[in-house]
Amino acid sequence: MKLLENKTAVITGASRGIGRGIAEKYAAEGCNIAFSFASSVEKAKALEEELSSRYGVKVKGFQSDAADFTSAQTFIDAVVAEFGRIDILINNAGITRDNLLMRMSEEQWDEVMNVNLKSVFNLTKASLRTFLSQKSGSIINMSSVVGVMGNAGQSNYAASKAGIIGFSKSMAKELGSRGVRCNVITPGFIETEMTAELGEDALKKWTDGIPLKRGGTTDDVANACVYLGSDMSTYVSGQVLSVCGGMLM
Ligand code: NAP
């Protein structure tokens, strides 16, 4: 028996990077997947076809801005109409707009807060009725070690990721009695397009500070998501699991 057999997961931002890695692992574990993306239409189509043909699960991509309240509702309504249920919601979509506070524009602040934090409110609220009527569900929110440690040049990003932790613990308390769990993953330095923007020097500085002396892979994060989405973790809620090679302890 596969770990996620007969479950349906919603993953935001799965056309690339960590979200894509999660979709691959979830499909391999027998999960049906509805995922969203912002603009990568071709990549999303390719992922849909690759996963459904390789693993025989149902996979559908939706172009939907997670930062927009109404779009999130429309996305979730379409998922429920097509898949019938939602067992796992993974709020993964995220962006960076780095700058020292001195130079940070209001736009850079708002964009990051809306895509990273408001999206979590949007998608969770939109899925709530489904979770409550099923009396079960697992919500996994993608924060970052930066949300716990802070990082110079990333005050907007750090604030959005710290906000996710407070929101998630509140959801664990609000929804626990209804059989719905909510946990957070704080990835450390994971090799994706988001981190590829950093130069060689910054990269070395990061890895030097990691006890396991390497950047993480999307598989490292996806494995944690399999655990938190599966029935292996039915007594785990309100927790922050760091997947960071020991960077944060
Ligand atoms: P990435 O490679 O840049 O991919 C971002 C994904 O989010 C893409 O699929 C993108 O879609 C989607 N997306 C962006 N804005 C969106 C929006 N408004 N609505 C819907 N989807 C949107 O990023 P990543 O490195 O995989 O990061 C994934 C998550 O992990 C983020 O929340 C990030 O903050 C967090 N994280 C990453 C690291 C790391 O080291 N990489 C560390 C800690 C935390 P398009 O392809 O259409 O643009």
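Leaving aside neighbours within four places in sequence, S15 is in contact (heavy atoms within 4.5 Å) with R20, F35, S36, F37, S40 and K43. The model is predicted, so local features need pLDDT of at least 70 and side-chain atom pairs count only at pLDDT 80 or more, while totals for chains, interfaces and linings use all residues. Residues are numbered from 1 along each chain as its sequence is written, and side-chain values use heavy atoms, with hydrogens and water left out.

S15 sits in the loop that joins β1 (8-11) to α1 (17-28). With a relative accessible area of 8%, S15 is buried; buried means under 20%, exposed over 50%, and partly exposed in between (1.4 Å probe, protein chains only).

The protein as a whole has nine helices and seven strands. These are DSSP runs numbered from the N terminus: helices are H or I with at least four residues, strands E with at least two.

| Property of the protein | Value |
|---|---|
| Box filled by the C-alpha atoms, along the principal axes | roughly 45 × 35 × 35 Å |
| Buried share of the 249 residues | 50% |
| Accessible surface (Shrake-Rupley, 1.4 Å probe) | about 11,800 Å² |
| Carbon and sulfur share of that surface | 52% |

The radius of gyration, taken over C-alpha atoms, is compared with a globule rule of 2.2 Å times the number of residues to the power 0.38. For 249 residues a compact globule would have a radius near 18 Å, and the protein agrees with 17 Å. Among contacts between residues at least 6 apart in sequence, 76% join residues at least 24 apart.
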